[in-house]
Amino acid sequence: MAEIQVTGGPSSGAGAAASKTYTVKSGDTLSEIAKQQLGSAGAYMKIFEMNKDQLTDPNKIKPGQVLRLP
């Protein structure tokens, strides 16, 4: 017989701090979002890579999309 303990569940808050999001506004570009949120416009590809499930082109983002940020 073994005792099993589960840790790191939803109430731990460990994952909540790690995931940041940004809601796209009219006129936004990935490079502007990267500069504002990550400090470097060149980091736009990191945002694109993290959101490939909803983006097919880094130049085509739409207002209202919620993007995950690194």
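Helix H1 (30-38) buries Leu-30, Ile-33 and Ala-34. Buried means under 20% relative accessible area, exposed over 50%, with a 1.4 Å probe and protein chains only. Helices are DSSP runs of H or I with at least four residues, strands runs of E with at least two, numbered from the N terminus. Seen down the axis of H1, the buried residues fall within an arc of 100°, so they line one face. The arc is that of the directions from the helix axis to the C-beta atoms. Lys-35 and Gln-36, on the other side of H1, are exposed.

This is a predicted model: local features need pLDDT of at least 70, side-chain atom pairs count only at pLDDT 80 or more, and totals for chains, interfaces and linings use all residues. Residues are numbered from 1 along each chain as its sequence is written, and side-chain values use heavy atoms, without hydrogens and water.

The buried residues of H1 pack against strand S1 (20-23), H2 and S2. Just after H1, Gly-39 takes a positive phi of about 90°.

Asn-51 sits in the loop between helix H2 (44-50) and strand S2 (66-69). At 0% relative accessibility, Asn-51 counts as buried. A polar atom of its side chain lies 2.7 Å from the backbone oxygen of Ile-47.

Two residues have these contacts (heavy atoms within 4.5 Å), leaving aside neighbours up to four places away in sequence.

| Residue | Contacts |
|---|---|
| Asn-51 | Val-66, Leu-67, Arg-68 |
| Leu-55 | Leu-30, Phe-48, Lys-60, Ile-61, Gln-65, Leu-67 |

Terms used
A polar contact is a pair of N or O atoms within 3.5 Å; within protein, one must be able to donate a hydrogen and the other to accept it, and residues adjacent in sequence count only if both atoms are side-chain atoms.
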